[in-house]
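Here is a short briefing to read alongside the model on your screen.

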Amino acid sequence: MMGGFWAPELKYAGYDKVILRGQSPDLVYIWINNDKVEIRDASHLQGKGATETAELIRQELKEPKAQVAAIGLAGENRVFFASIEQGRSSASRLGIGAVMGDKGVKAVVVRGTGDINIAQPAEYMALCNEVLEYIKFRNQNPIPGVMTILQGLGSPQEMQTHDEKWHTENFMWGNSRVRRRDFWNDDVKKAWTQTLENMRTRLISCYNCPMKCAATISPPGKPTYMMKCFSKLTYTMAAMSDLDFGLKIAQHATEYGVDAFSAPQVMAFALELYENGILTDKDFPGMPSDNEERFYWLLDRIVRREGIGDVLANGTYWAAKEIGKGAEAYAHNNIKKHEQLPLKLSMLNPVYFLMYATGEKINITQIEGQFPQMPYPKREHREAFVKDWFQVPDEKFKQYFLDWELRGENSNPYYPTAQMSCDIVDWQEKMHYIDDALGMCAGLSSFPLKPPYHIHNYPKFISSGAGIDMDEDKLSQAAKRYRTLVRAINISRGMRRKDDKPPEDHWKKRFPELEEELLDTYYKFKGWNSDGIPTKESLDELGLNYVSEDFIRRGILADGEDASPKENSAGKVPE
Ligand code: SF4
């Protein structure tokens, strides 16, 4: 679910997962104290911030060591991009906080003091020590030739870096439209360094991790909160402001419990509609004239679902539909109805096209990872890179990378070829699905280049840790089953090929025929039909017979063949 300390505490309490079924009529919190589980009244916590809630519950229970995963006002009001906050981490994407709010659960609180049993402790500890040594090695030997945030391990080390030239000059500002190529200069660097140094009180880790990806931030006169990764810049860049503003408004946003990718873009989108006359003064009664104040004002309205905030709380995709009057053209940075990183590029990259278009996790950072994002300009550098690349599942990936050129025949968009692109995407997403199934941090596995956890040592961890007989093939098959099941759930809700597309303006140079070929090849590779629906044969092969039967019963797949009935290409779900 998230990093931090909550999940290990749950394990010490004796559980692997918490499944919430149904809905509470009144606001409650769940108190898991080792074997004892209680559902307690949370009416007194209604409207409280996520961090404030955690503190109040610890005091109420007299359990200063209890770990609390809580929602803020955004989750209570079912804002579509509400998060669950945990003090040292958060689960933010896809509105998971709104799901918790809809269930009437303000917080899940855990205290665990039991033991953890390991099937083969000596073997398991030896593996842990190997990983630890490798992390030390990688920390001392950053990968050369790639941007700073991709050189190391962990969640991108945004809280340690003062050099923001790359993000501020390559990512888009405002509603993901404005690129400021000459933004970063010595004055900005000096001011932002001072801001971060003044507000960053401590670098912090998740439980038992040697990395320190997050930081506690203490803005003057405001409570301390946790921040990590690109959320450092999202509010700053959406508001065209500075780091001081970004770190201060993020404190409010964390208490309210909103996703730091979506929330700033939704606010910038609203202001762009206002500037272009699609929304008017009538929609923003009492909105301040100061740019930064407007962001605070909008944030307050969104989490309370007041006035225009009620429309914006559904995210740019749905808000644009409701507003009409051409607003949909301004909701330009979505994939499958969710706001994305504000990144706009030139030449189509076939691997990234597939990851954006077909990804079910609706966020490129949850799919990309172990294969470099760009070719190295010189072959000798590529040769150096592949030399110690032992994480590859197959030697062919080294060759794919060695032959990838910046220009010429072997460059984007026609290289990597469609088949190679499928292989690469399959490897990337497999690792992310394995991480999610294991509850592992992507920052040490699926996300960075040359990570310490990979397809070759994961089966050994599972075998020695859990006593399950595991090897690479079985693990790959389990990941495929999981990925297919997620696809099937979305298919059952109406998703089809028409939805498999990146944001329209993500790349300036597009290649419609190639993109169709990429999708066709990927679907075939995955065992899906031309509409992106897993075929009966591939579902049955994975032991998902109950899914294929359901698809046939509902007319999503035609009986006895793997085509989808005609009307489904329009995305209709048959009754
Ligand atoms: S690597 Fe992962 S688990 Fe470790 S501190 Fe960073 S985010 Fe947390």
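Lys 336 sits in the loop between strand S10 (334-335) and strand S11 (338-339). Its phi is near 45 degrees, a positive value for a residue other than glycine. Please keep in mind that this is a predicted model.

**Backbone spots worth a look**
- Lys 336 has 17 other C-beta atoms within 10 Å, so it counts as partly exposed.
- Asn 34 also has a positive phi without being glycine, here near 50 degrees.
- The loop that holds Asn 34 runs between strand S1 (28-33) and strand S2 (36-41).
- Asn 34 is partly exposed because it has 14 C-beta neighbours inside 10 Å.
- A cis peptide bond links Asn 412 to Pro 413, with omega about 5 degrees.
- Another cis bond leads from Tyr 415 to Pro 416, where omega is near -5 degrees.
- Pro 413 belongs to the loop between helix H17 (396-402) and helix H18 (418-438), and Pro 416 is placed in the loop between H17 and H18.

**Around the ligand**
- Which residues surround the ligand? They are Gly 3, Gly 154, Ser 155, Ser 205, Cys 206, Cys 209, Met 211, Cys 213, Cys 441, Gly 443 and Leu 444.
- By class, this shell has six nonpolar and five polar residues, with no charged ones.
- Domain 2 (154-336) and domain 3 (345-554) each supply at least three residues of the shell.

**Overall build**
- The protein has 23 helices and 13 strands.
- Its domain assignment gives domain 1 (6-111), domain 2 (154-336) and domain 3 (345-554).
- Between the C-alpha centres of domain 1 and domain 3 there are 33 Å.
- A compact globule of 575 residues would have a radius of gyration near 25 Å, so the protein's 24 Å agrees with that.
- Along the principal axes, the C-alpha atoms fill a box of roughly 60 × 60 × 55 Å.
- Buried residues account for 43% of the 575 residues.
- Of the contacts with a separation of 6 or more, 65% join residues 24 or more positions apart.

**A residue in helix H23**
- Glu 549 is in helix H23 (residues 545-553), and it counts as partly exposed because it has 14 C-beta neighbours inside 10 Å.
- Glu 549 and Arg 40 are 509 residues apart along the chain, and their C-alpha atoms are separated by 41 Å.

- The mean pLDDT is 94, and 97% of residues reach 70 or more.
- Over residues 567-575, pLDDT stays under 50.
- Where pLDDT is low, the predicted coordinates should not be read in detail.

Conventions
Residues numbered from 1 in each chain as written. Predicted model: local features only at pLDDT ≥ 70, side-chain atom pairs only at ≥ 80, totals over all residues. pLDDT = per-residue confidence, 0-100. Contact = placed C-beta atoms within 7 Å. Near = placed C-beta within 6 Å. Nonpolar A, V, L, I, M, F, W, Y, C, P; charged D, E, K, R; others polar. Domains from an automatic or database assignment. Helix = DSSP H or I, 4+ residues; strand = E, 2+ residues; numbered from the N terminus. Rg over C-alpha atoms; globule rule 2.2 N^0.38 Å. Buried ≥ 20, exposed ≤ 12 C-beta atoms within 10 Å, placed from the backbone.
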